[in-house]
Amino acid sequence: MGPRFRMLLSVVVVLVATGLLVPASVAGQSADDGWTLPRTPDGHPDLRGVWANNSATPLERPEVWADKERLTDEELAALLVASDAAVGDGDALFGDQLVLAAIAGIEATSYDPTTGNYNQFWLIDRWFDNRTSLIVEPADGRLPPLTPEGQQRADARAQTRRERGPYDSFEDRPLAERCLIYRGVPAFPTGYNNNYHIVQAPGYVAILNEMIHDVRVVPLDARPPVDGRIRQWNGDSRGHWENDTLVVETTNYRDTTTWRGFPGSRALRAVERFTRVDADTIDYRYTIDDETTYTRPFP
């Protein structure tokens, strides 16, 4: 499959009520090491290759780091030691669980091989850096409260789960277990299969997600999104170039698509930005915009 490179992820969450999408600042091209941004035959930045997104940084800033945007080098070193202790021989710690367990000093020792769960042996080595959250806007690194409508949908979902058994119907099983969606669009780093194969051709970019082998084909021309009556699990993506940044906007999600565990809405809109910053790094940032789900305005 070829070499695997890294994607550095940050998240900007904004509400449509602000009328703005906060532009993501990205690191500039390095001139010190003589690296030159490679380009495809049609002149655009070359993003082709297999890229990994194995960050251990939690999406939201843990309360213990409430006023801390970045850890000191000493705090990061202590977190690495604590994460090694948290792993132990227990259940696999996915997503934010690894850092939260390290903070709590709790070993994952509940692994029972008869349950069919993964243990930590099967997971990848996670990347640690000084960031305390993937969310960079707002400054507190936290998601806003839900709107009344968003809370109503979340409560209804929770009520349904209480009233139905997990095996009452195949529809009660998680989408990931049914191999329909695992990370969705945009994606979060988890514990394994965080690789993405990017292919470019004139007028198109295709992104293969290793998990469930989903391929997203993104047209780069000016065609409009599909008819609003057509709704898809991962939405409908359209892309364009802004200087050397690939910008992908996704709309037309299904009402039953979830983001961060909450039922989605027809207003959900995601904007991703891919910027090649050196030989083995893409700076990957995205904005979530959903006025029917989140309340607090963001700059």
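**Close-up views of a predicted model**

**View 1. The loop between β5 and β6.** Ile-212 sits in the loop between β5 and β6 (214–219). Strands here are DSSP runs of E with at least two residues, helices are runs of H or I with at least four, and both are numbered from the N terminus. This is a predicted model, in which local features need pLDDT of at least 70, side-chain atom pairs count only at pLDDT 80 or more, and totals for chains, interfaces and linings use all residues. Residues are numbered from 1 along each chain as its sequence is written, and side-chain values use heavy atoms, with hydrogens and water left out. Phi of Ile-212 is positive, near 65 degrees. His-213 lies in the loop between β5 and β6 too. Its phi is near 55 degrees, again a positive value in a residue other than glycine. Most residues other than glycine have a negative phi. Ile-212 counts as partly exposed because its relative accessibility is 25%. His-213 counts as exposed because its value is 61%. The cut-offs are under 20% relative accessible area for buried and over 50% for exposed, with partly exposed in between (1.4 Å probe, protein chains only).

View 2. Strand β7 covers residues 236–242. Of its 7 residues, 5 are buried. Strand β8 (residues 245–251) runs antiparallel to β7, and 7 bridges join them. Two strands pair if DSSP finds at least two bridges between them. Glu-242 stands opposite Thr-245 in β8. The hairpin leaves 2 residues between the strands. In the turn, Asn-243 has a positive phi of about 55 degrees.

**View 3. Two nonpolar cores.** A nonpolar core is a set of buried Ala, Val, Leu, Ile, Met, Phe, Trp, Tyr and Cys residues joined through side-chain atoms within 4.5 Å. The largest one has 30 residues. Leu-47, Ile-198, Leu-246, Trp-259 and Phe-274 touch the most other members. Elements giving two or more residues to this core are β4 (195–201), β5 (204–209), β8, β11 (269–278) and β12 (281–289). β12 gives the most, with 4 residues. A second, separate core has 11 residues, including Ala-56, Ala-86, Leu-93 and Ala-101.

**View 4. Around Leu-47.** Neighbours within four places in sequence are left aside here. Leu-47 is then in contact (heavy atoms within 4.5 Å) with Ile-198, Gln-200, Trp-241, Leu-246, Phe-274, Arg-276 and Ile-282.

**View 5. Two cis peptide bonds.** Glu-137 and Pro-138 are joined by a cis peptide bond, with omega about 10 degrees. Pro-138 is in the loop between β3 (135–137) and α3. Another cis peptide bond joins Val-185 and Pro-186, with omega about -5 degrees. Pro-186 is in the loop between α3 and β4. Most peptide bonds are trans.

**View 6. The largest pocket.** About 1,700 Å³ of space lies in this pocket. On a 1 Å grid over the protein atoms alone, a pocket is an open set of points where a 1.4 Å probe fits, with protein on both sides within 12 Å along at least five of seven lines. Grid points are joined across faces, edges and corners, and the volume is the space filled by probe spheres set on them. Lining residues have an atom within 4 Å of a point. Of the 48 lining residues, Arg-157, Arg-161, Pro-174, Leu-175 and Thr-258 are the closest to the centre. α3 (148–163) and β9 (258–259) each give two or more residues to the lining. α3 gives the most, with 3 residues.
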